[in-house]
Amino acid sequence: SCAASAQIEAEDAPFITIEGARLDLVRVREGADLSAFNAIYLAPVEISYADEDPDYALDAVERDRLFQTMRDEIAEALAGDGAYEIADAPGPGVLDIRAQLIDVEINRPSFSGAQRGSVYVSSVGEMTLIAVIRDGETGQNLILVRDEIEDRQHQLARVTAASYWASVRRAFSIWSGALRDALDRARAG
């Protein structure tokens, strides 16, 4: 996770920061022509936690669900109107998205097994999303993205498995829409 973060900060020379994007940081390789790309491939997402030994780490089933939720929201935002297809692998004409969720903190009860009482939180959690969008054929980095995602309630709310996953879906939906906006801006030059 530190490598991707450092890469985004270190690659100053050939990248231009896009101002006004709905993401915290969007940098596009100078001279990149995105008009030739008509598909998106989303590699499996890497996850690292804020705490080295978190009690809230996702198990394998939850990680798969998180990845599928992210993939579904990206597909809806990018392929919903036919702007991009969703590819099964990187290749010519494919933007290869390599994403990491870092500093992940999840405020939720254990959803496996019985739970007694109710749990109330003011935030379901937070994370930082780092994404490198590469040319699927050459592997060259074209777009670098960083965004902090937090599901902050302004009051205490009861958290259940359903409300937790609804918050995850909402966060990825917002991020995917912002990603689409950034890609559209980069395509426009």
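Student: How much space lies in the second largest cavity?

Tutor: Rolling a probe the size of a water molecule over the atoms shows where empty space is left. A cavity is a set of points on a 1 Å grid over the protein atoms alone where a 1.4 Å probe fits but cannot get out. Volume is the space filled by probe spheres set on the points, which are joined across faces, edges and corners. Here the second largest cavity holds about 40 Å³, and the count is two cavities of 30 Å³ or more. This is a predicted model: local features need pLDDT of at least 70, side-chain atom pairs count only at pLDDT 80 or more, and totals for chains, interfaces and linings use all residues. Residues are numbered from 1 along each chain as its sequence is written, and side-chain values use heavy atoms, leaving out hydrogens and water.

Student: Which residues line the second largest cavity?

Tutor: Lining residues have an atom within 4 Å of a point. They are Ile40, Tyr41, Leu42, Arg71, Ile74, Ala75 and Ile86.

Student: At what angle do α2 and α3 cross?

Tutor: The axes, lines fitted to C-alpha atoms over the stretch in contact, with angles from 0 to 180 degrees between N-to-C directions, cross at roughly 40° and come within 8 Å for α2 (residues 60-79) and α3 (residues 161-188).

Note on methods: Helix = DSSP H or I, 4+ residues; strand = E, 2+ residues; numbered from the N terminus. 1 Å grid on protein atoms, 1.4 Å probe; cavity = no way out; pocket = protein on both sides within 12 Å on 5 of 7 lines; lining within 4 Å.
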